[in-house]
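My notes follow in the order I made them.

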Amino acid sequence: MAAQIDPKKCTMCGGLIQPLCVEICPDTAVRVQDSRVVVTEFLCEDCNECGVVCPDKAISVKVDTVTF
Ligand code: SF4
Ligand code: SF4
């Protein structure tokens, strides 16, 4: 698994060039592509830091795979 971003909820943090989820990801698994954020699955370690920081609650990480 990897973090799932719901494009219907994501507002790109109100239009930031470097959105919070991109900023916080320790594995540089989140990037902006075609004006939306995408997660590179094989880089994501399910830490849920992006999910915590997302102001729109647009990111979900499967609970049983969260690593702290
Ligand atoms: S869950 Fe962690 S590793 Fe995966 S995209 Fe979010 S911040 Fe990055
Ligand atoms: S933190 Fe949430 S609202 Fe901001 S760009 Fe990422 S998914 Fe979208």
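I started at the hairpin of β2 and β3, where 2 residues lie between the strands and aspartate 34 takes a positive phi near 50°. Helices (H or I, at least four residues) and strands (E, at least two) are DSSP runs, numbered from the N terminus. Strands pair if DSSP finds at least two bridges between them. Here β2 (residues 30-33) and β3 pair in the antiparallel sense over 4 bridges. I found arginine 31 opposite valine 38 of β3.

**Ground rules**

The model is predicted: local features need pLDDT of at least 70, side-chain atom pairs count only at pLDDT 80 or more, and totals for chains, interfaces and linings use all residues. Residues are numbered from 1 along each chain as its sequence is written, while chains are lettered from A and ligands numbered from 1 in the order in which they are written.

I checked pLDDT, the predictor's confidence in each residue, from 0 to 100. The protein averages 93, and 93% of the residues score at least 70. Among the elements, α2 has the highest mean pLDDT (98) and α1 the lowest (94).

**Ligand shells**

Which residues come closest to ligand 1? They are Ala3, Cys25, Cys44, Cys47 and Cys50, out of 16 that surround ligand 1. I took a residue as near a molecule if its C-beta atom, placed from the backbone, lies within 6 Å of it. By class, this shell holds 11 nonpolar, 1 polar and 4 charged residues. The classes are: Ala, Val, Leu, Ile, Met, Phe, Trp, Tyr, Cys and Pro nonpolar; Asp, Glu, Lys and Arg charged; the others, Gly among them, polar.

Ligand 2 has 15 residues around it, with Cys10, Cys13, Pro19, Cys21 and Cys54 nearest. Its shell divides into 13 nonpolar, 1 polar and 1 charged. Both α1 (12-15) and α2 (20-24) supply at least two residues of that shell.

**Core**

I counted a residue as buried if 20 or more other C-beta atoms lie within 10 Å of its own, exposed if 12 or fewer, and partly exposed in between, with C-beta atoms placed from the backbone. A nonpolar core is a set of buried Ala, Val, Leu, Ile, Met, Phe, Trp, Tyr and Cys residues joined through C-beta atoms within 7 Å. The largest has 15 residues, and Ala3, Cys21, Val30, Cys50 and Ile59 touch the most other members. α2 and β3 (36-39) each supply at least two residues of this core.

Contact means C-beta atoms, placed from the backbone, within 7 Å. Not counting residues up to four places away in sequence, cysteine 50 touches Ala3, Cys21, Ile24, Cys25, Val30 and Ile59.

Beyond four places in sequence, its contacts include Ala2, Ile5 and Cys44. Its C-alpha atom is 5.4 Å from that of alanine 29.

Valine 53 sits in helix α3 (residues 49-53). It is partly exposed, because it has 15 C-beta neighbours inside 10 Å. Outside four places in sequence, valine 53 contacts Leu20, Cys21 and Ile24.

**Positive phi**

Most residues other than glycine have a negative phi. Methionine 12, in helix α1, has phi near 55°. Lysine 57, in the loop between α3 and β4 (59-60), has phi near 50°. I noted methionine 12 as partly exposed, with 18 other C-beta atoms within 10 Å. Lysine 57 is exposed, with 10.

Technical notes:
Two residues are in contact if their C-beta atoms, placed from the backbone, lie within 7 Å.
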